[in-house]
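Here are my notes on the packing of this model. Please read them with the structure open.

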Amino acid sequence: MKKNYLILLVVGNLYLFSATQVFAELFSASIGVPISHTISDDTVAESDGVSGTFLHAKLPLIPLGLGIESYKTNVKNNAPLKIATTMFDLFYLLPIPIINLTLGIGIGNVEVEGGSGFERGSASQWYTSVGMPILPLFDIHLSYRSITAKNSKDQNGDKMNLSGNVTGIGIAFTF
């Protein structure tokens, strides 16, 4: 009987803790930028810098949020080619004190721009972000994304594997 009360007490406290965490942060919006993009198969393409934005917003009163990402990666030794990636995200903010730990998934597309002959392909990702408060209403966060992406066939029937990893940095405003 004592064991049941202990389990009930632990579950109740976890629920109250997560409910106060959710209420403590009514709404948050963040903006970030990619700082590196590594393509898994460096025989296909090698990154020579990345630019773009990550925009995310957490929904009021629940720990779920939505986001959009759009960035372009320059291809090394091939100046006119760029890999353009667009993702739509769904994420969950874990109720952990002191840090903001986020887990998310995304779907979108990837396209090689600059006359390569490849069509737009599909992409998916999972990502995580760790944020630390710097002021009462702001936090700075680092993120890591693992992307699976393949471009559609070109005239020769080839596929280009553009899977890889993207790291980013950002700032969030919470109230």
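This is a predicted model: local features need pLDDT of at least 70, side-chain atom pairs count only at pLDDT 80 or more; totals for chains, interfaces and linings use all residues.

The points below go from the core to the aromatic rings.

1. Side-chain atom pairs count only at pLDDT 80 or more.

2. **The core.** The largest nonpolar core has 18 residues. Those with the most contacts inside it are Tyr71, Ile83, Val110, Ile147, Ala149 and Leu162. Five strands are listed as giving two or more residues to this core: β2 (47–58), β3 (64–75), β4 (82–94), β5 (100–113) and β7 (138–151). In soluble globular proteins, nonpolar side chains tend to be buried together.

3. **Valine 110.** Set aside residues up to four places away in sequence, and valine 110 still touches Ile83, Ala84, Thr85, Arg120, Gly121, Ser122, Ala123, Ala149, Lys150, Asn151 and Leu162. Ile83, Ala149 and Leu162 are also named, with Val110 itself, among the residues with the most contacts inside the core.

4. **Phenylalanine 91.** Phenylalanine 91 is in strand β4. Its relative accessibility is 8%, so it counts as buried, the cut-off being under 20%. Beyond its neighbours within four places in sequence, phenylalanine 91 contacts His56, Ala57, Lys58, Pro63, Leu64, Gly65, Leu66, Thr102, Leu103, Gly104 and Tyr127. Glycine 67 is 24 residues away along the chain, yet the two C-alpha atoms are separated by 7.9 Å.

5. **Tryptophan 126 and tyrosine 144.** How many aromatic pairs does a search of the whole structure find? The search finds three. One of them joins tryptophan 126 and tyrosine 144: ring centres 5.8 Å apart, planes at 55 degrees, so the pair is tilted. Tryptophan 126 lies in strand β6 (residues 121–135) and tyrosine 144 in strand β7, so the pair ties together parts 18 residues apart in sequence. Tryptophan 126 counts as partly exposed at 45% relative accessibility. Tyrosine 144 counts as partly exposed at 31%.

6. **Phenylalanine 138 and phenylalanine 173.** These two rings also form a tilted pair, 5.3 Å centre to centre with 50 degrees between the planes. Phenylalanine 138 belongs to strand β7 and phenylalanine 173 to strand β9 (residues 164–174), so this pair ties together parts that are 35 residues apart in sequence. Phenylalanine 138 is partly exposed, at 32% relative accessibility. Phenylalanine 173 is partly exposed too, with a relative accessible area of 32%.

7. **Arginine 145.** Which ring lies under the charged end of arginine 145, 3.7 Å from the ring centre? That ring belongs to phenylalanine 54. Arginine 145 also lies over the face of tyrosine 127, at 4.9 Å from the ring centre. Tyrosine 127 is listed among the contacts of phenylalanine 91 as well.

Note on methods:
Residues are numbered from 1 along each chain as its sequence is written. Side-chain values use heavy atoms; hydrogens and water are left out. A nonpolar core is a set of buried Ala, Val, Leu, Ile, Met, Phe, Trp, Tyr and Cys residues joined through side-chain atoms within 4.5 Å. Buried means under 20% relative accessible area, exposed over 50%, partly exposed in between (1.4 Å probe, protein chains only). Helices (H or I, at least four residues) and strands (E, at least two) are DSSP runs, numbered from the N terminus. Contact means heavy atoms within 4.5 Å. Rings of Phe, Tyr and Trp (its six-membered ring) pair if their centres lie within 6.5 Å; planes under 30 degrees apart count as stacked, over 60 as edge-to-face and the rest as tilted. A charge sits over a ring if NZ of Lys or CZ of Arg is within 6 Å of the ring centre and within 35 degrees of the ring normal.
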